Amino acid sequence: MDQILISATAAARLLGGLWLPERASTISPAVDGVFNLVLGVCIVFFSIVVISMILLVVRYRNRPGAKPQESPSHNMRLEIIWSIIPLAVVLFVFWRSFTVFLEMYTVPSNAFEIQVTAKKWSWTFEYPNGHVDENLYVPVNTPVRLIMSSPDVIHSLWIPEFRVKMDIPPGRYTSTWFEATKVGDYMLLCTEYCGELHSDMLATVVVRPEAEFHEWLAKAANFMEEYKDNPAKAGEILYQKRGCAQCHGIDQPKPAGPSFKGIFGKTHELQGGGSVVVDENYIRESILEPQAKVRAGYPANMPTFKGLVTEEEIKAIIAFIKTLK
Amino acid sequence: MAAIPDSAPAARPAAADNYLTHARGLMSWIFTLDHKRIGVMFLALIWVAMALGVLFALILRAELADPGETIVSKNVYNRVFTLHGAVMIFLFIIPSIPSSLGNFVLPIMLGAKDVAFPRLNLASLHLYVFGMLFFLFTLFVGGLDTGWTFYTPYSTETNTWVIPAVLGAFILGFSSIFTGINFIATTHMMRPPGMSWFKMPLFVWSLYATAIIQVLATPVLAITLLLLAVERLVGVGIFDPDKGGDPVLFQHFFWFYSHPAVYIMILPAMGIISEVISVFSRKHIFGFKFIAFSSVAIALIGFLVWGHHMFTSGQSPLASTIFSLLTFFVAIPSGIKVFNWLATMYKGVVHLTTPMCFALLFLILFGIGGLTGLFLGAVAANVHVHDTAFVVAHFHYVMFGSAGIAFIGGIYYWWPKITGRMYNDLVGRICAVVVLIAFNMTYFPLFIMGVRGMPRRYHDYERLLEKNPEFFDLNVIASVGGFLLAGTLLVLAANLLFSLVRGRPAPANPWGAATMEWQCASPPPHDNFASPPPVTDPYDFGNLTYDETTGGYVSAP
């Protein structure tokens, strides 16, 4: 008996492992409840259809001398039964889904707010103290609200373990929220097709205990201050955090943008003719108005960073590029 | 022309005179007004479109079989999945059943000589070819990378060939509208005396319901695509937030057509299943009126559920709630049809011919495709799987597993009538079994991957493998299944084409069906009928008996 129980549990765990991902937010058990309810409905109705189909085909298969037997071709009572029962079932599913949906969309008033910018093809997360990061750090057991916008095309934020997803169209804010329940690292993906590097537009959700999170946040916010005497180091951090690294390689060239390695001081051909010397002014212009002078051989797809980086930060990035010989 | 007396022998009086031999020369085909020739040409072109779509699909599956960049770059992959979607939707599955089989069969089912507007019908074919040329042009100059949904602002900003593709879809839309107008007029005006609405075959009912959607929904797509082209050309700003426009508005416009378009694809398929299950169970269809009205119900409710494609778009929660509720309502008429089809087999004699095997295959795959729609209709569950491989799996079960499979079943059902040849039935039945296995191998893993964290339109899943190492095996299974499936489709096509050379001549009524198209010769004469046959119950097989000499069924006197 114990054996059976153990193997049944193992089988259930295995099946569970093949199905929904880990639950790591307050909402995920309720969402999974709806999911499993629908799964149950599907299995029951699919079994009814396929088993009765097989039984009917086997029972009434064409055998020598077989003749169709008399039976009515209409039965109001049957029609009503197989209309009303599925209707009741789907209305019940709708109701359960609706109540969970309300919960999903009701943001707790004390939520910690993080601004999210999704652009081709990176994420940036801006915290209330001004720190900007390429990964999403959140405290555990605290409701977090994401206020999201996009400067270019539509993106969509998905964290499978939290069961949240929300599109981010340009020209408006959308928002979503979650409360992580487990410390750990999770993957954050873009699910709205957004072009060449759509499948590389990933970030990590780093869930940490509250105290540890706040300590990290305070420290992370003043790296510009910390590396005041080493702007190249600050520039390297910005290169990672602001998503430059998605398109601009250093050692490995990437198709979406020119590599930064050894470009300072070089002369580059421009799209549509002409050329430009890569100096401080050109780098600054390329960050603030990327389409002004596009290097030949690369797509004109870089979004502007105007208003997203400070002059101090631009100086740091220039200092960093200068070191890449 | 001499009148043929009623007592003329049953053998074909002039074997040479059928619609295929009625006139000769290329021009007699290209400018024909005969609905049968137009249907056959549509069938041939749709096969070409399908082959193209399958080819694109195989490139995608080959790329995904192994993580990392394998056979095509990211940019090529994005163009290939866009063209796969656009070709399969606009060139293959929307016109598939109505324009080919519908065109061929509908007038004969009504005992008519042709559709109501034969010239409009020919225009529909010419527009289809014209639209196809736009797509081929797009393909040869480098394609487009927007996805078949053309979402703004991506589609207004990309430097790929959006405008020719969008104009192609615009033109194909008119082809679809013309077919719809023709079917509505033909069904209303050309039924023979005595054929009331409830003596009309269910395939005609389903084409009629489809035609309503084609005529009412397609103009919205036309306007939307035209706006997109104008937006790209002169930047009017209707979808551009910088100019006060709204990119999400495009999604509303687009799905206002494209959701009903799902029913343009599935309703005619359901019509075929109603015919095939009844004929091969030798039983009157069960619940005729419920099946007929459920087609109309699906067509009407189908107009009110487009918002379920936008549950995560930022639309208001109230709108999402209402769209969710309406989506659940649309499940009911589909369920009613399935139960009625099952009841039709009760106490019948089930002949497992190729068309019937595909009809049973339809029941299984539509069961999975339809029921998984419940996950997507439930907002709370939808949010998690929205825009993932789960959705890809769901709509492939509905569009290919249901509409596509019914199309194959329908071709096998009417092939003897269209060509006058019998094919090898055993090959067809074996293929049906292989399709069952290969199809589920290809698409079922996508359900699991979607739930576990695989977004759709992903070129590469290498970085997901750390968390989900099973994605590798699942993608390999899907790719192997995909190639097996494509191979089986090739065998199915070869089997039919081979019958043209070696098949034995088909009798007028090889299956013992009671609808009118089986009362004229196979292939039908140019005018279908010398005089319209008497109207009888299309599902009463009582007085049809098998005749050994012709290998078909004849009416017992």
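Student: Where do A:F94 and A:F98 lie, and how many residues apart are they?
Tutor: Both are in helix α3 (residues 76-105) of chain A, 4 residues apart, about one turn of the helix. Helices are DSSP runs of H or I, at least four residues, numbered from the N terminus. This is a predicted model, where local features need pLDDT of at least 70, side-chain atom pairs count only at pLDDT 80 or more, and totals for chains, interfaces and linings use all residues. Residues are numbered from 1 along each chain as its sequence is written, chains are lettered from A and ligands numbered from 1 in written order, and side-chain values use heavy atoms without hydrogens or water.

Student: A:F94 and A:F98, buried or exposed?
Tutor: A:F94 and A:F98 are both buried (under 20% relative accessible area, 1.4 Å probe, protein chains only).

Student: How many aromatic pairs over all chains?
Tutor: The count is 69. Rings of Phe, Tyr and Trp (its six-membered ring) pair if their centres lie within 6.5 Å; planes under 30 degrees apart are stacked, over 60 edge-to-face, the rest tilted.

Student: Why is the pair of A:F35 and B:F375 tilted?
Tutor: Because the planes are at 40 degrees, with centres 5.0 Å apart. A:F35 is in helix α2 of chain A and B:F375 in helix α11 of chain B, so the pair joins two chains. Both residues are buried. A:F94 and A:F98 also form a pair, a stacked one, at 5.9 Å and 10 degrees.

Student: Which cluster has A:F35 in it?
Tutor: One linked by ring pairs, with members including A:W19, A:F35, B:F375, B:F390 and B:Y397.

Student: New topic. What does B:R282 lie over?
Tutor: The face of B:F541, at 4.8 Å from the ring centre. The charged end of B:R282 also sits over the ring of B:Y553, 4.8 Å from its centre.

Terms used. Buried means under 20% relative accessible area, exposed over 50%, partly exposed in between (1.4 Å probe, protein chains only). A charge sits over a ring if NZ of Lys or CZ of Arg is within 6 Å of the ring centre and within 35 degrees of the ring normal.
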